[in-house]
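Morning, everyone. Please have a look at this one with me, and then we'll go through it.

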Amino acid sequence: GEVPLVLVSGETGDGLAALMSSALEVHRRWRFSASSSTLMRWLVDLKRVGAVARLSDPKLKFARQVDSAPPTFVISVSRAEKASGPFLAFLRNSLRARFGLDGIPLHIHVREASKKERKDKH
């Protein structure tokens with residue numbers, strides 16, 4: 001994701017107000033929090049557009065946020081062993097795009113879906 005660039009002059013102090021404004025905005029995004037229902041809509045939309053359609057990819061079942069600062073998510077999938085680096089990068093980039101989290105580190109933990117989650121037809 002992109003990180004804001006703010007030019008500041010050490011000599012004149014120009015840009016200090018913009019620096020503080022940018023820092024506060026990044027901090028606000030770093031403390032991002034989403035409900036499980038919001039994350040499930042994101043997950044359903046990913047599946048609807050066929051973004052995760054390769055047969056070798058894990059099947060997305062459930063998503064929840066377990067922490068903020070930085071935002072940390074648990075994604076339940078079938079075939080968790082297939083959750084490769086590119087698959088995780090795809091999820092991170094999709095979260096950043098959907099929720100305006102450019103420049104914010106995101107932690108994603110993938111786990112095998114429970115029997116109940118596997119039965120749900122999200």
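Which side chain meets Arg 48 in a salt bridge? Asp 45 does, at 2.9 Å, N to O. A salt bridge here is a side-chain nitrogen of Lys or Arg within 4 Å of a carboxyl oxygen of Asp or Glu.

Some ground rules. This is a predicted model, where local features need pLDDT of at least 70, side-chain atom pairs count only at pLDDT 80 or more, and totals for chains, interfaces and linings use all residues. Residues are numbered from 1 along each chain as its sequence is written, and side-chain values use heavy atoms, with hydrogens and water left out.

Back to the pair. Arg 48 and Asp 45 sit three residues apart in helix 2, so about one helical turn separates them. Helices (H or I, at least four residues) and strands (E, at least two) are DSSP runs, numbered from the N terminus.

Asp 45 also has a salt bridge with Arg 98, at 3.0 Å, N to O. That pair links distant parts of the chain: Arg 98 is in helix 3, Asp 45 in helix 2, 53 residues apart.

Now the inside of helix 2. Leu 39, Met 40, Trp 42, Leu 43 and Leu 46 are buried. Buried means under 20% relative accessible area, exposed over 50%, partly exposed in between (1.4 Å probe, protein chains only). Down the axis of helix 2, the buried residues fall within an arc of 155°, so they line one face. The arc uses directions from the helix axis to the C-beta atoms.

By contrast, Arg 48 is exposed, at 62% relative accessible area. Asp 45 is partly exposed, at 27%.
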